[in-house]
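This briefing goes through the structure shown here by topic. Please read it with the model open.

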Amino acid sequence: MRELRRNMRLIGVLLVCLFVGVGGWFGYTTWTQGARWAMSSSNTRLNRAKNSVVMGSITDRDGYPLAWTDEEGQRRYSNDFAIRLALSQTVGDTLSMSGTGVQTFFASTLVGMSGSVIDRTWQWLSGETARGDDIQLTVDARLSGVVAQNFPSGYTGAVVVINYKTGEILAPVSMPEYDPGNMATSVPDTAYFNRCLQGRYTPGSTFKIVTLAAALENLPGALSHAFTCSGSREFGNGAVTCLSGTKAHGQMDLRSAFAESCNVSFATLSYELGQNALLRTAEAFGFNDDFTFSDVVLYASSFPKDIGSVSELAWSGVGQGRVLVTPLHMAMIAGAVANGGVMMEPKLVKQITGSTGLPRLRATPGAYRRVMSASTASIIGDYMEDVVTYGTGTRARIQGYTVCGKTGSAETSDDKSVETNAWFVGYLAEEEYPYAVAVVLEKAGSGGNLAATLAAKALMEAIELVG
Amino acid sequence: MTRKTGETDALRKALRRADTSLLLSAVTLFQASAMLLLTLRTQPIDIQSLLLAFAMPAVTLLCVKGLSKFWKIDRVVLTLVLFLCSVSVVTLTAISRASVTPLTQALYIAAGLVGLVAGILFIRLLRHWNRWKILFMVLSVGFIALPLAIGETKFGAKNWITVVPDLVTIQPSEFVKISLMVVLAACLSERQSRAMMVLSILFGAALCGVLLLERDLGALLLYFLTTVILFFLATSNGWLSLAGLGAGAAGAVGAYFLFDLVKERVSIWRNPWADAADSGYQLIQSLIAIGSGGLLGMGLGLGMPRMIPLYHSDFVFAAICEQFGMVFALCLLAVYALIILRGISIAMSCRDGFHALLAFGIVTILGLQTLLIVGGNIRLIPLTGVTLPFIASGGSSMVSCLTGVGMLLGISSLNADRDEDDVRRASWQEGECG
């Protein structure tokens, strides 16, 4: 019997541990992912609720209304056409065509299904028509409208302006756009697609920020590294070429190689780093992470884990090949440089107000993680300032303010006649205006032209408009 | 002398049973208030719910007070089990489409309570039933194999038989579960007899074989695990038990390649979102319901749990999460754990190997069943079609689980009787010395 008791104690403890384990897992996953499950587009109960509940309204950071339900139960959108279009994918539509829009992702909040028990009980007792919660976004409607109006016509792409100290998304603009208030008309191709969050682009030279960080943190003596660029260098069975094409960069140090965006130099760096160090730094910056932010559905950026050849390693270091990144993530990377190496979690919701008028959730800034040391960030910041003062991004200059940035001209095809995607990522090194920006213009050639100009315009307007 | 008196006092103190009146009041309050709330939900008021609002607390009080008047049963276990049963009725009232579902469930519980009393009597009266165990084995195998001959296929498993068409269907595997416990406990507690031990394992294996033929893989898993655990408890033979578990794991891998059903369940579990509209639909709707419930739930009678397929049986846990929220669901898990702890302590205080093994076996099977189905609902493990004890709608499961609890209670009353005898004898000796 004694032996039996001992065995029973053992199995009993095991059984209770299993219960604790299942309970813990249940609590943890429900707490962390429950809202995400409930917001899924497979949640048919939301569509039902939309018929019986007055959907809450959506406003911008200053309370400017972006979407609301009128007396007839009709969903209405901002009367300012520019704003309405600029934020179309961000606000979303009632048909959930734009899958990441607030009206889809936060549907359960807007129809009050995630509201407080008190609110629900009150509505139940008073017999009032159930009303969902109101959401105030962090976006600035006017800024978004202006950015969209300055978007070069005929191009597609995305612009994201964020506050790099708080992570707030100020202007998410994805082109082409659509009119959520008039879904019957034909909509341009891919207009429902929010390029800021869902567009996985080849980063091109903007990825050199990450390669530079890897070099500074892993290669001793990186700062005094000297390079010789003859316009092209063989790596394994492939060659990395500089896009300036006709003329070689010649002798350069790390600083000028970054400012002039020399591919040969950075391919050399990534070759010297090796794939493990580069992958480690890229993953520290958030590549290959399934971002599970509470406010936005941000598609994962990727850096190849199984680089097969030396030439792929070299090309990965200059942001080509299988490296992919979203515009918002790129803005977060620039923001992390500005913010002393700490990347902030992106925030889209400023406040949620219950139907009884009581605020239920106020956003508090949170760090995603420290992605590099403060000293690395400050060196990269200096180098990015050079890019704008004398390097490839001089068009991003703003009179009276310090702009730091990096250009990119990402090849998307082996066919050289296809124009590259133009990138510019950067930020204002100003204590009062902590804004970072990422611009991608599809097939717009070199990043130093249209993209840099648009980024400067966006930052300028942010200084002007965001309070 | 004084030392001895102190000992007897301590014994007496230990004997005075825990005061369960607070627990009992809380449970009856829950039953009455929840059902009254549901009564007022519709206009005109729901008479059936109103009746249940009075009937459920009454039956609970009657059971706990009445049964403990006859026998010194463990009242905490009984009260908690009745609480779980009432959660079942309340949930089904709140979410069912037809008002007949909660009513049938209440009738099943009533039938189960008869089974519970039968379980107590079985333990207390049949002291020499040991001789019948071969017959028991044959009958069990015969009974569980019955669906193969005259059964129906439901959800890919052929494990049901119809007694009265469209009215009474039973699932033999639920009942045989209890007899498996009894037979295993009886054979394994005879430690000298190696033949008996082998026979009992063969019996377990035979049942598992039949379940395999019926494709009732959830029950198979349950039977298998309990058999291995009881074998380990009785023999302390860790290596052989681990070898058994290893063989089971190999069998599971084999089942994965052999049965499309298993393959599908596993692939759904790995990524339900891949096919959200079709194969992953059930699980995703379950997760959505759990997510919609959040911390405190949508509220009783609110929300849309009927969106979950099988919301009253396989996914009742998800439906409860939507209605009552995560906090309540965690409490529910804690109640199961409490019943199990209580059951383990009953098993530990047995002086007889058969009763100890039987009590522990019943607790184990209830615990594993809960873990398997809850784990399946929350995507911790692939879904297996076992029932959530005392809560999922269905008569077979309810009756068999309550019968099992009855046996557990019977064993606890035997323990209490024996302890009382000890005290009486001790104080009598004391008196003699004095």
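The expected span of a helix is 1.5 Å times one less than its number of residues. On that basis the 19 residues of helix H9 (residues 217-235) of chain B should span 27 Å, and its end C-alpha atoms are 27 Å apart, which agrees. The model is predicted.

**Chains**

- Chain A contains 16 helices and 17 strands.
- Chain B contains 15 helices and three strands.
- In chain A, 54% of the 467 residues count as buried.
- In chain B, buried residues make up 49% of the 434 residues.
- For contacts in chain A between residues at least 6 apart in sequence, 69% join residues at least 24 apart.
- For contacts in chain B with a separation of 6 or more, 69% come from residues 24 or more positions apart.

- H9(B) is largely enclosed by the rest of the structure, because 17 of its 19 residues are buried.
- Just after H9(B), B:Ser236 has a positive phi of about 55°.
- Helix H14 (residues 353-377) of chain B has 25 residues, and the distance from its first C-alpha to its last is 36 Å, close to the 36 Å expected at 1.5 Å a residue.
- Of the 25 residues of H14(B), 22 are buried, so this helix is largely enclosed by the rest of the structure.
- B:Arg379, which follows H14(B), has a positive phi, near 65°.

**Nonpolar cores**

- The largest nonpolar core has 132 residues, of which B:Val81, B:Phe317 and B:Ala359 touch the most other members.
- Helix H13 (residues 316-348) of chain B gives the most to this core, contributing 17 residues.
- Another core lies apart from this one and has 130 residues, including A:Leu66, A:Ala267, A:Leu313 and A:Tyr435.
- When residues up to four places away in sequence are not counted, B:Val81 touches B:Ile339, B:Phe390 and B:Val405.

- Two packed helices are described by the angle between their axes and the distance between the axes.
- The axes of helix H1 (residues 2-38) of chain A and helix H12 (residues 281-293) of chain B come within 7 Å and cross at roughly 110°.
- An angle from 65 to 115 degrees counts as roughly perpendicular, so H1(A) is roughly perpendicular to H12(B).
- The crossing of H1(A) and H12(B) is left-handed.
- On the side of H1(A), the residues that meet H12(B) are A:Thr30, A:Gly34, A:Ala35, A:Trp37 and A:Ala38.
- On the side of H12(B), their partners are B:Leu287, B:Ile288, B:Ile290, B:Gly291 and B:Ser292.
- B:Gly291, which lies in helix H12 of chain B, counts as buried because it has 26 C-beta neighbours inside 10 Å.
- Leaving aside neighbours within four places in sequence, B:Gly291 is in contact with A:Thr30, A:Gly34, A:Ala35, A:Trp37 and A:Ala38.
- Within chain B, the C-alpha atoms of B:Gly291 and B:Ala318 are separated by 9.2 Å, with the two residues 27 apart along the chain.

**Backbone details of chain A**

- Most residues other than glycine have a negative phi, and most peptide bonds are trans.
- The peptide bond that joins A:Met175 and A:Pro176 is cis, with omega about 0°.
- A:Pro176 is in the loop between strand E6 (169-175) and helix H9 (195-198) of chain A.
- A:Ser261 is not a glycine, yet has a positive phi of about 55°.
- The loop between helix H11 (254-259) and helix H12 (263-284) of chain A holds A:Ser261.
- A:Ser261 counts as buried, because it has 28 C-beta neighbours inside 10 Å.
- A:Asn288 is not a glycine either, and its phi is positive at about 65°.
- A:Asn288 lies in the loop between H12 and helix H13 (310-317) of chain A.
- A:Asn288 has 14 C-beta neighbours inside 10 Å and therefore counts as partly exposed.

Notes: Residues numbered from 1 in each chain as written. Chains lettered and ligands numbered in written order. Predicted model: local features only at pLDDT ≥ 70, side-chain atom pairs only at ≥ 80, totals over all residues. Helix = DSSP H or I, 4+ residues; strand = E, 2+ residues; numbered from the N terminus. Buried ≥ 20, exposed ≤ 12 C-beta atoms within 10 Å, placed from the backbone. Core = buried A, V, L, I, M, F, W, Y, C linked by C-beta atoms within 7 Å. Contact = placed C-beta atoms within 7 Å. Axes fitted to C-alpha atoms, helices over the stretch in contact; angles between N-to-C directions. Parallel < 35°, antiparallel > 145°, perpendicular 65-115°, else oblique. Left-handed = near helix turned anticlockwise from the far one by under 90°.
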